[in-house]
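Let's walk through this one together, going from the overall layout down to a few residues of interest. Have the sequence and the 3D view open as you read.

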Amino acid sequence: MSVPTDAPILTSNAMRAAEAACATGGTPLADLMERAGAAVADLAWRMAAGAPVLILCGPGNNGGDGYVAARRLVERGVRVRVAALAEPATDLARAARDRWTGPVEALGDDPAPAPLIVDALFGVGLSRPLAADLAARLHRFAGRRVIAVDVPSGVDADGVQDWAPPLAADVTLALGALKPAHVLLPAAVCCGRTLLASIGIDAGRAMRTLPRWQGAAPDASAHKFRRGMLLVRAGPMPGAAALSAGAALRAGAGYVVASGARDVPFAAIIAEEGESYSRRLADPRLGAAVVGPGYPASAALDRDVAAALESGKPLVLDAAAIAAALPGLGETSAILTPHEGEFARAFPGLTGSKVDRTRAAAKRAGAVVIHKGADTVIAAPDGRIMAAWPGSPWLATAGTGDVLAGACGAMLARGDDAFDAAVAAVGWHILRARAIGPGLVADDLVKA
Ligand SMILES: NC(=O)C1=CN([C@@H]2O[C@H](COP(=O)(O)OP(=O)(O)OC[C@H]3O[C@@H](n4cnc5c(N)ncnc54)[C@H](O)[C@@H]3O)[C@@H](O)[C@H]2O)[C@@H](O)CC1
Ligand SMILES: [K+]
């Protein structure tokens, strides 16, 4: 499973708007469909490697893409069969159907499979789950190689509904931009490897997939405080704060103080106890502070969060510190790192896809939100969104959230914009996890 890095994502409404803008700008929609069908044909030609191809066409423009692809494949000498679910229902699809000169089988007659199936039944226009009899018919093709045109038919492209597609794809060719379904569970796993055919649409930069993390080396004049000084506050489980502090050093912080932690992973971490916390918060060299790892809700947490807010420093707030800080967050530059349960508690009443909910939470809090999970979504209050699918499944283990909080702290402490810091930290976390791979424990992210 993979998606292109640093690629645009659009909801189905935004896609229609971009499509309309393209038409206004002088590119007829039929040209877009021709480009889409040609891109599908090119992919199918490479994947078929000489074997026959069966193209399943739906009634809308997704089906139209299928008819164009069929014509293009025949031009390249591929043996192609087309099976249609219904007559084309749009002018564009009808025009594409009319230019396909081969026979059209009825999907209802259960056509014989081919080694490669192109699923052009439904794209962003699906408005309800597939009917059970159609789903059963599509199940017959399971086990064949499948290319999904735009999205696997049956998924909600916007990722709001968790409808399951009957036919998972080996490769999904997103058209114009990725859709939320390509980067959100449960649909993302059904897309297989997602590729993007840009087809000349201006998809903007508001919502994207994660860029590959490329940490630049410190500049020649760097010194430890300029690289970023970070304060991590330990609670009753000081091991979590120690992990955060270690991660911050690994992620590039120049100077890390762990307040209240004893057994820190590196001698380079300044471990302090006693009254030092508020004194450290007031240090003018301090770039950022982390509160929350290993620190359940308590009066002590409330006090420490209040002190951190009072300091005016950029903050990373994890776990119970999120709910503790929200009422007083104000203008503080902050990154909140909730997992699903913490998110639901901190931001009740939000609806829509994980993207919609994370965007709304960031706006409500006035802070950057990293909504953690296998399909992590990062949102800024100004509407920027970054989707981090697929991370590494090995990150689903205790302590990795503490590591991420520390990495966020490191990026914030060096003066990054909070959203850029969150994106860099998530990228660093994933890259490191992938480098370690099977058997990863959170300590490896820090020590390895
Ligand atoms: N947006 C763009 O810029 C482009 C879009 N293109 C294609 O157009 C697609 C969208 O086309 P459409 O908006 O026509 O939508 P679709 O082709 O996804 O499907 C819409 C049709 O399916 C019917 N339908 C919806 N749900 C159904 C269900 N559960 N069971 C049976 N029928 C159902 C609708 O009544 C309608 O006839 C994209 O996914 C993409 O493949 C491309 O042609 C190129 C350009
Ligand atoms: K499809």
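The paragraphs below go from domains to strands to the annotated residues.

First, some housekeeping: this is a predicted model, in which local features need pLDDT of at least 70 and side-chain atom pairs count only at pLDDT 80 or more, while totals for chains, interfaces and linings use all residues. Residues are numbered from 1 along each chain as its sequence is written, and chains are lettered from A and ligands numbered from 1 in the order in which they are written.

Start with the big picture. The protein splits into domain 1 (12-206) and domain 2 (229-447), with bounds that come from an automatic or database domain assignment. Their centres, taken over C-alpha atoms, sit 40 Å apart. Nine residues from domain 1 and eleven residues from domain 2 make the contact, where being in contact means that two C-beta atoms, placed from the backbone, lie within 7 Å.

Now for some strands. Helices (H or I, at least four residues) and strands (E, at least two) are DSSP runs, numbered from the N terminus. Strand β4 (residues 116-120) runs parallel to β5, joined by four bridges; two strands pair if DSSP finds at least two bridges between them. The chain gets from β4 to β5 through helix α5 (residues 132-139), in a right-handed β-α-β crossover, meaning that with the strands pointing away from the viewer, the path from the first strand over the helix to the second runs clockwise. β5 also pairs with β6 in the parallel sense, over three bridges. Because four of its five residues are buried, β5 is largely enclosed by the rest of the structure. Buried here means 20 or more other C-beta atoms within 10 Å of a residue's own, with C-beta atoms placed from the backbone (exposed is 12 or fewer, partly exposed in between).

Which residues does UniProt list for "binding site"? The unreviewed entry gives Asn 62, Asp 119 and Ser 153; positions follow the numbering used here, feature names are shortened, and annotations may be inferred rather than shown by experiment. They are spread over 92 residues of sequence, yet they cluster in space, with a largest C-alpha distance of 9.4 Å.

Asn 62 lies in helix α3 (residues 61-75). Leaving aside neighbours within four places in sequence, its contacts include Ala 120, Val 149 and Asp 150. Asn 62 counts as buried because 28 other C-beta atoms lie within 10 Å.

Ser 153 is in the loop between β5 (145-149) and β6 (171-175). Ser 153 is buried too, with 26 other C-beta atoms within 10 Å. Not counting residues up to four places away in sequence, Ser 153 touches Asp 119, Gly 58 and Ala 148, among others.
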